[in-house]
Amino acid sequence: MSGTIQIIISIAAYIILAPILGGLTSGIDRKITARMQGRQGPPILQPFYDVIKLLKKETVLINHVQIFYLLTFLIFIIFTGCLFFGGFDLLMVFFALTTANLFLILAATSSHSPYASMGASREMMQMLAYEPMVLLTAVGFYLATGTFKVREIVTSDSTLPIVMLPGVFIGFVYILTIKLRKHPFDLATSHHAHQEMVKGITTEFSGEMFAIVEIAHWYENVFLMGVIALFFLNANWWTIIIALAAISITYSVLILVDNTTARMKWKNMFKNSWITTIIIGALNVFILEVLMKGV
């Protein structure tokens, strides 16, 4: 029963705290980016002000199915985080994440806007680029810990997963530039003003619909940082400190990359992502598999 209560508390904490942490992270991201560019930047709470303003604006619906797809997108993103922080199977977690992204693509294509359709097409290309690395991450954790269960990974007394999965970790961080929509891979949409497709996949979202997308991204970003933490956690309490430090360093590096690289074409994104997946991620998994058989 105590285990069930812990799961319920973890899920409730994620549902309540994730949008707060995600919004603050977005605000800090924008502030650091501004300082790197020699600007003062908006206040850290600006993302919350933006969402509140969006919720008050008039929402223009192209069709009624669009809002259904977006709400389903949000629900599946939250469901993904609940599965992860509830300690469930990693494969199920990543499957739920993929399903959520498919509903975002459906919401964009239902508007029949050329910009949104182009953004949806690029979003599908990005999924093809990062999904192999996501699958390898789950497989890597299984080989390193003997389980897909998140709860069993973080309560294990074995060596930290990062020790056996350095290549998988690097590969996962690499594809995070796609998932977090940062340079050089912010092709489907962008938080920068120079996106050649206006706002790409989110072009036709207004008012409450765009607020839903922003809140969903806050939930998703907290979940993704949780996956980063998973590489550095086990049953020892001090690994929590290491995990928090790893999250801070990783996100700082991603912000630096975002502000020091030019945006790539989709062909380069696809090629580089698969090369990284095969050379770094798959090689790490192959070596680990050989070592496990040897033992």
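Biologist: Which residue forms a salt bridge with K179, and how far apart are the closest N and O atoms?

Modeller: In this predicted model, K179 pairs with E220 in a salt bridge whose closest N and O atoms are 2.7 Å apart. The pair links distant parts of the chain, with K179 in helix α8 and E220 in helix α9, 41 residues apart.

Biologist: Is K179 buried or exposed? And E220, buried or exposed?

Modeller: K179 is buried, because its relative accessible area is 7%, under the 20% limit for that class. E220 is buried as well, with a relative accessible area of 3%.

Biologist: How many salt bridges does the structure hold?

Modeller: The structure has 4 salt bridges. One of them joins K182 to D29, with 2.4 Å between the closest N and O atoms. K182 lies in the loop between α8 and α9 and D29 in helix α1, residues 2–36, so this pair ties together parts that are 153 residues apart in sequence.

Biologist: Are K182 and D29 buried or exposed?

Modeller: Both K182 and D29 are buried.

Biologist: What does R181 pair with?

Modeller: R181 forms a salt bridge with E123, and their closest N and O atoms are 3.0 Å apart. E123 belongs to helix α5, residues 114–145, while R181 is in the loop between α8 and α9, so the pair ties together parts that are 58 residues apart in sequence. E123 and R181 are both buried.

Biologist: Staying with that loop, where does L187 lie? Buried or exposed?

Modeller: L187 is also in the loop between α8, residues 166–179, and α9. L187 counts as buried because its relative accessible area is 2%. From L187 to F169 there are 18 residues in sequence, and their C-alpha atoms are 23 Å apart in space.

Biologist: Turning to helix α9, how many of its residues are buried?

Modeller: Helix α9 is mostly covered, with 20 of its 23 residues buried. From first C-alpha to last, α9 reaches 33 Å, close to the 33 Å expected at 1.5 Å a residue.

Biologist: What about the largest nonpolar core? Which residues have the most contacts inside it?

Modeller: That core has 82 residues, and L90, F205, F223 and F231 have the most contacts inside it. Helix α9, residues 208–230, contributes the largest share of the core, 16 residues.

Biologist: Which residues is F205 in contact with, leaving aside its neighbours within four places in sequence?

Modeller: With those neighbours left aside, F205 is in contact with Q66, L70, L104, A107, A108, F210 and V213.

Biologist: Back to helix α1. Is T33 buried or exposed, and what is it in contact with?

Modeller: T33 lies in helix α1 and is buried, with a relative accessible area of 7%. Leaving aside neighbours within four places in sequence, T33 is in contact with I255 and N259. T33 and E220 are 187 residues apart along the chain, and 20 Å separates their C-alpha atoms.

Biologist: Why does I287 count as partly exposed?

Modeller: I287 counts as partly exposed because its relative accessibility is 43%, and that class runs between the 20% limit for buried and the 50% limit for exposed.

Notes. Residues numbered from 1 in each chain as written. Predicted model: local features only at pLDDT ≥ 70, side-chain atom pairs only at ≥ 80, totals over all residues. Heavy atoms only, no water. Buried < 20%, exposed > 50% of the residue type's maximum accessible area, 1.4 Å probe, protein only. Core = buried A, V, L, I, M, F, W, Y, C linked by side-chain atoms within 4.5 Å. Helix = DSSP H or I, 4+ residues; strand = E, 2+ residues; numbered from the N terminus. Contact = heavy atoms within 4.5 Å. Expected span 1.5 Å × (residues − 1). Salt bridge = Lys/Arg side-chain N within 4 Å of Asp/Glu carboxyl O.
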